[in-house]
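Here are some notes for a first look at this structure. Please read them with the model open.

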Amino acid sequence: MKDTKHPSPVIVEQPALTLVGLQATMSLSHNTTMQLWQTFGPLRKTILNKSNGGSYSVQCYADDFMTTPFTPVTKFVKWAAVALTTENDIPNQLEVLKIPKGKWAVFPYKGTTRDFGAFAQYIYSQWLPNSRYQLDHRPHYEFMPEDYLGPNNPQSEEEVWIPIK
């Protein structure tokens, strides 16, 4: 029986990705994602070499992420970014993040950010342990297409990219 609440991922080999954006260190209990995106929004318009119209919400976890329990106070680095075709003419306020090539489990997600925690819990506690894959130590990210409806719209659709090996 197909699990429609938690669709299966598509497994993808992704080439290296060059992003540009802003970063902030945060935790789930001190989540500053909204402020990060509000700061990035006006700067996004000044980026000339975007490779697509979408946006990337990237999480970079510590080296011990796969061996240490993740709690609400675990710190990680969050990026608000866009993909680039070239690193020329990057606005001074922004930084470059290179995501290495590799294999990814790409999950479709539809819903609000408030409901995302349960979806992520499913990926890490049910899908991953029951798959033939292991988590790889690369950034995790969500790709929001150009027509993304916003974090509080239950009809919003995005892709959740989980690094695997």
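1. Contact here means heavy atoms within 4.5 Å. Setting aside neighbours within four places in sequence, Thr 32 is in contact with Ala 24 and Met 26. Thr 32 sits in the loop between strand E2 (17-26) and helix H1 (33-44). Helices (H or I, at least four residues) and strands (E, at least two) are DSSP runs, numbered from the N terminus.

2. This is a predicted model: local features need pLDDT of at least 70, side-chain atom pairs count only at pLDDT 80 or more, and totals for chains, interfaces and linings use all residues. Residues are numbered from 1 along each chain as its sequence is written, and side-chain values use heavy atoms, with hydrogens and water left out.

3. Is Thr 32 buried or exposed? Thr 32 counts as buried, because its relative accessibility is 18%. The cut-offs are under 20% relative accessible area for buried, over 50% for exposed and partly exposed in between (1.4 Å probe, protein chains only).

4. Strands pair if DSSP finds at least two bridges between them. E6 (residues 102-110) pairs with E1 (residues 10-14) in the antiparallel sense over five bridges. There, Glu 13 stands opposite Lys 103. E6 also pairs with E8 (residues 157-164), antiparallel, over eight bridges. Lys 110 stands opposite Glu 157.

5. Arg 138 lies over the face of Trp 104, 4.5 Å from the ring centre. The rule: NZ of Lys or CZ of Arg within 6 Å of the ring centre and within 35 degrees of the ring normal.
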